[in-house]
Amino acid sequence: MIPASVGHHCPDCVAEGRRTQRPALTHFGGSQLGMHGYVTKALIGLNALALIAGALLVGMPAIFGGGLFSPLTEWQFIGGVLGETITVGPQHAVYAGALPEYGSVWPGLDDGGYYRLFTAMFIHYGIIHFAMNMWALWVLGRPLEAALGPVRFAAAYLLCGIGGNVAGYIFSANGVGAGASTAIYGLFAIYFFVLKRLGRDASAIIPVIVVNVAISFAIPGIGIAGHLGGLVTGAIVGAGLAYAPKEHRTLVQTAVLVLTFLGLMGVTVALSLTR
């Protein structure tokens, strides 16, 4: 028997009651498992694994560089946002176009290499680039995951990263975009809408967004289109998740996420067919 406030309960009765009890949800319909930050930690781990994989492939240039960012290597060419197809040969040689006789061919987005929209958000230009983005993910990710729940947070994060990478493809097809910052900028926007919906003061996040956007324009080599694309995608996703009506909350939130993904992929496929 299990002691209770009044008398005792049999173990089978307690177990049955727990099975039929509905789990507690967050204000936005997510599981309270998000308070543990499992998804945030897993995303940081995946980014760390990608950094290690880059070091194993190309050596220390994938981690350390002469400045804020490490130099462009075949690691970014393989997994970053890039329109044209490339061939990676021996001795770290990279050739434009599909040349199988020279090495491994990696299709660009123009040729259907849509995997790049996903992989690019886990590849960084060195340890400093990685550390800055992971610090921002740690600070923003944990409270957002606690508020949204792990599933909604994971979907939102990935969509923001994809949205930023689609924007990078549209406006900077000849460059090589990589980094988690596309998703991080989206989290800024989602954080704003979550605070507003909870009735809290969201004014403090606005200067942070403005400063980060200004930095994107001020520092040469930063993918401005990717950052702004992630921010806009985050605004769309954040508004949909935060303001979905309670009566049909899960349905509306799912529709927002799915339609956003289909819209981003539709634009990407359509553009790739014209280039």
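**A predicted helical chain, its interior and its pockets**

Among the elements that cover the buried residues of helix α2 are α3 (74-79), α5 (127-148) and α6 (150-171). Buried means under 20% relative accessible area, exposed over 50% and partly exposed in between (1.4 Å probe, protein chains only), and contact means heavy atoms within 4.5 Å. Helices (H or I, at least four residues) and strands (E, at least two) are DSSP runs, numbered from the N terminus. The model is predicted, so local features need pLDDT of at least 70 and side-chain atom pairs pLDDT 80 or more, while totals for chains, interfaces and linings use all residues. Residues are numbered from 1 along each chain as its sequence is written, and side-chain values use heavy atoms, with hydrogens and water left out.

The chain contains ten helices and five strands. It has 275 residues, and 45% of them count as buried. Among its contacts with a separation of 6 or more, 68% are made by residues 24 or more positions apart.

Helix α2 spans residues 38-58, which is 21 residues. From its first C-alpha to its last it reaches 30 Å, close to the 30 Å expected at 1.5 Å a residue (1.5 Å times one less than the number of residues). The buried residues of α2 are V39, T40, L43, N47, A50, L51, G54, A55 and V58. V58 is thus both buried and the last residue of the helix. After α2 comes G59, with a positive phi near 90°.

The structure holds one cavity of 30 Å³ or more, and the largest cavity has a volume of about 40 Å³. On a 1 Å grid over the protein atoms alone, a cavity is a set of points where a 1.4 Å probe fits but cannot get out, a pocket is an open set with protein on both sides within 12 Å along at least five of seven lines, and lining residues have an atom within 4 Å of a point. Volume is the space filled by probe spheres set on the points, which are joined across faces, edges and corners. Lining the largest cavity are N47, A50, L51, G54, A62, W75, F122, I123 and H124. Helix α2 gives the most to this lining, with four residues. By class, the cavity lining has six nonpolar residues, three polar and no charged; Ala, Val, Leu, Ile, Met, Phe, Trp, Tyr, Cys and Pro count as nonpolar, Asp, Glu, Lys and Arg as charged, and the others, Gly among them, as polar.

The largest pocket has a volume of about 910 Å³. Two or more residues of the lining of the largest pocket come from each of α5, α6, α7 (181-197), α8 (205-218) and α9 (224-242). There are 41 lining residues, and N133, S181, Y185, I222 and H227 lie nearest the centre of the pocket. Helix α5 provides the largest share of the lining, seven residues. The lining of the largest pocket comprises 23 nonpolar and 18 polar residues, and no charged ones.

The second largest pocket holds about 150 Å³ of space. It is lined by T26, H27, F28, P143, L144, A146, A147, Y191, V194, L195, L198 and R200. Helices α5 and α7 each supply at least two of the lining residues, and the largest share, four residues, comes from α5. Nine residues of this lining are nonpolar, two are polar and one is charged.

Leaving aside residues up to four places away in sequence, V213 touches Y185, L228 and L231. Its C-alpha atom is separated by 7.7 Å from that of H227, which is 14 residues apart along the chain.

S272 lies in helix α10, residues 249-274. It counts as buried because its relative accessibility is 3%. With residues up to four places away in sequence not counted, S272 touches L109, D110, Y114 and Y169.

The loop between β3 (86-88) and β4 (94-96) contains Q91, and H92 is placed in this loop as well. Q91 is not a glycine, although its phi is positive, about 60°. H92 is likewise not a glycine and has a positive phi of about 65°. Q91 counts as exposed because its relative accessibility is 75%, whereas H92, at 47%, counts as partly exposed.
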